[in-house]
Amino acid sequence: MIEILSASALATVQDLGRLGALRWGVGTSGAMDPLALAAGNLLLGNDVDAAAVEVPVFPFQVRFTEDGAFALTGADCAARLDDVPLLPWWVGEARAGQVLTLGLPRAGAWRASRAYLCLPGGIDVPAVLGSRSTQLRGDFGGHEGRTLRQGDVLRAGAAESGAPVGGFGLVPPALVLPLQVDGVPAMRVLPAAEYAHYTEASRAAFWAGEWKITSQSDRYGYRLAGTPLEAGANVEMRSHGIVPGVIQVPPGGQPIVQMRDAQPSGGYPKLGTVIEADLWRLGQAPIGSRVRFIETTWDEAISALDQMQAWLANVQRLVALYRRQQARS
Amino acid sequence: MRIDSLQQLSTWLDDAGIGLLELRGPGVLLRLGRDAADAAAVGERGAAVPHQERGAQSRGVAVNAPSAGVFLHSHPMQSSPLAPVGTQVRAGAPIGLLQIGALLLPVCAPRAAVVTGLRVPHGTVVGYGTPLVDLDPD
């Protein structure tokens, strides 16, 4: 069990998302960096989609109220267990009473903005509509349907999975599957239904330009700033279904990328969609940083997803081997 | 196992840069070390067990590779080494990492000590039992 010590840190309980609920008008929710969440779970021997705490604001502190293993993935935030430094993307063991502190994310080899704290068996909260993710629009799911507060107590789903002495960790996927253009983090994008409505110059500028993630960006969506995108003619549409990753262009020409807490429908024209396999890259991009977009195809998008799944499968295999070997010795 | 296979095995160990081979089977216990001192000091669990240095550094201990892998001085996300020469480390602190594919295993200080030497460069492929870090215990 852990007790949240930080006040209003905007942290939430998330799993891989509430998939299949869009038909009821219920958005996806889930981890902004699903790869980090899945990897943290695998380090503990959990199912990939077990619930964890997503931390977007630092410093963040929890106290362990009983002994237990934990895993930390996502941003490298100079974590400490009491006064002992912890490595990023690492599984460790805490004693009752110890305090885990996550500091400000460090730039390092990968600039990320969210950390994931995983516990054995996942965070034990009720599944609602098939998921333990916090649905902030509907005030349900996660821990009491809201962001975590000081004094909240979260229980681990399994008593103890144990971590080998000294712990162990993973090379973060951002270093193994890097994607950059001219040194700027990049995401692959499929052109969407209204792509052709934009002027040739605007389309070219979309791919060629850097897009700044403005301070009006959160789990609902990222508002980007760059060269305004112009449609050749006025595009008027009725509201229609949208999913995380969809890039909408409101009348001002500054795009919005829908993120995990996006509403399930919208009426702005869609220029493109960030592919599912690259949403974690955008989910980790800090406010104020710049990103680039790379035009891709359906086949490439599918193969990128396969590559991500292959990385996870490989991690699962290696972790299981190492845990078995440690248990034997 | 035939006794004349040993020659072949030790040649392979030499070629692969592996310091120690331990083989257990029904009625068989084989322990082949390139350096007699290394072999004698590796404990039952085969973990990173310190061994007494022979010669001048009588107080020093070397920490050996707990597994084959790529020895890293620093975490892949960080540029500064975990324990450069001169660092005071506490017992159990990671002083280096062994990378095996996606996995990172810690090379831990067996006791509180000062790091006095790094035996192999960052990014070197090392075999099981290879001495990696020299420590001077407090």
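User: What share of the 138 residues of chain B counts as buried, and what makes a residue buried?
Analyst: The test is a neighbour count: buried means 20 or more other C-beta atoms within 10 Å of the residue's own, exposed means 12 or fewer, and partly exposed is in between, with C-beta atoms placed from the backbone. By that test, 35% of the 138 residues of chain B are buried. This is a predicted model: local features need pLDDT of at least 70, side-chain atom pairs count only at pLDDT 80 or more, and totals for chains, interfaces and linings use all residues. Residues are numbered from 1 along each chain as its sequence is written, while chains are lettered from A and ligands numbered from 1 in the order in which they are written.

User: How do you know whether Arg290(A) is buried, exposed or partly exposed?
Analyst: Count its neighbours. Arg290(A) has 16 other C-beta atoms within 10 Å, so it is partly exposed. The residue sits in strand 22 (residues 290-295) of chain A.

User: Which residues does Arg290(A) contact, leaving aside its neighbours within four places in sequence?
Analyst: Contact means that the two C-beta atoms, placed from the backbone, lie within 7 Å. On that rule, Arg290(A) is in contact with Val184(A), Glu210(A), Trp211(A) and Lys212(A). Gln326(A) is 36 residues away along the chain, and its C-alpha atom is 43 Å from that of Arg290(A).

User: How many helices and strands has chain B, and what makes them such?
Analyst: Chain B has two helices and eleven strands. Their order from the N terminus is α-β-β-α-β-β-β-β-β-β-β-β-β. Residues 24 or more positions apart make up 51% of the contacts in chain B with a separation of 6 or more.

User: How do you know that strand 12 of chain A and strand 8 of chain B pair?
Analyst: Pairing requires DSSP to find at least two bridges between the strands. Strand 12 (residues 168-170) of chain A and strand 8 of chain B have two bridges, in the antiparallel sense. Leu170(A) stands opposite Leu103(B) there.

User: What order do the strands take in the open sheet of ten strands?
Analyst: The order is 2(A)-3(A)-10(A)-5(A)-8(A)-12(A)-8(B)-7(B)-5(B)-10(B), with antiparallel pairing. Within it, strand 5 (residues 68-74) and strand 8 (residues 90-94) of chain A are joined by five bridges. Leu72(A) has Trp90(A) as its bridge partner.

User: Why do strand 2 of chain A and strand 10 of chain B stand at the edges?
Analyst: Strand 2 (12-14) of chain A and strand 10 (124-126) of chain B each have a single partner strand, so one side of each is left without a neighbour in the sheet. From one strand to the next, the twist averages 35°.

User: How many residues does each chain give to the contact between chain A and chain B?
Analyst: Chain B gives 16 residues and chain A gives 20 residues. Strand 8 of chain B supplies the largest share of its chain's side, five residues. By class, that side has nine nonpolar, six polar and one charged residues. Here Ala, Val, Leu, Ile, Met, Phe, Trp, Tyr, Cys and Pro count as nonpolar, Asp, Glu, Lys and Arg as charged, and the others, Gly among them, as polar.

User: Which domains does the assignment give chain A?
Analyst: Domain 1 is 2-176 + 309-328 and domain 2 is 180-296. Such bounds come from an automatic or database domain assignment. The C-alpha centres of the two domains lie 28 Å apart. Their contact takes 20 residues from domain 1 and 15 residues from domain 2.

User: Which residues touch the most other members of the largest nonpolar core, and what makes it a core?
Analyst: A core is a set of buried Ala, Val, Leu, Ile, Met, Phe, Trp, Tyr and Cys residues joined through C-beta atoms within 7 Å. This one has 115 residues, and Ala52(A), Val55(A), Leu117(A), Leu170(A) and Ile95(B) touch the most other members. Helix 1 of chain A gives the largest share, eight residues. Both domains of chain A give residues to the core, so it lies between them. Leu117(A) touches Phe70(A) and Leu72(A), among others.

Key:
Helix = DSSP H or I, 4+ residues; strand = E, 2+ residues; numbered from the N terminus. Axes fitted to C-alpha atoms, helices over the stretch in contact; angles between N-to-C directions.
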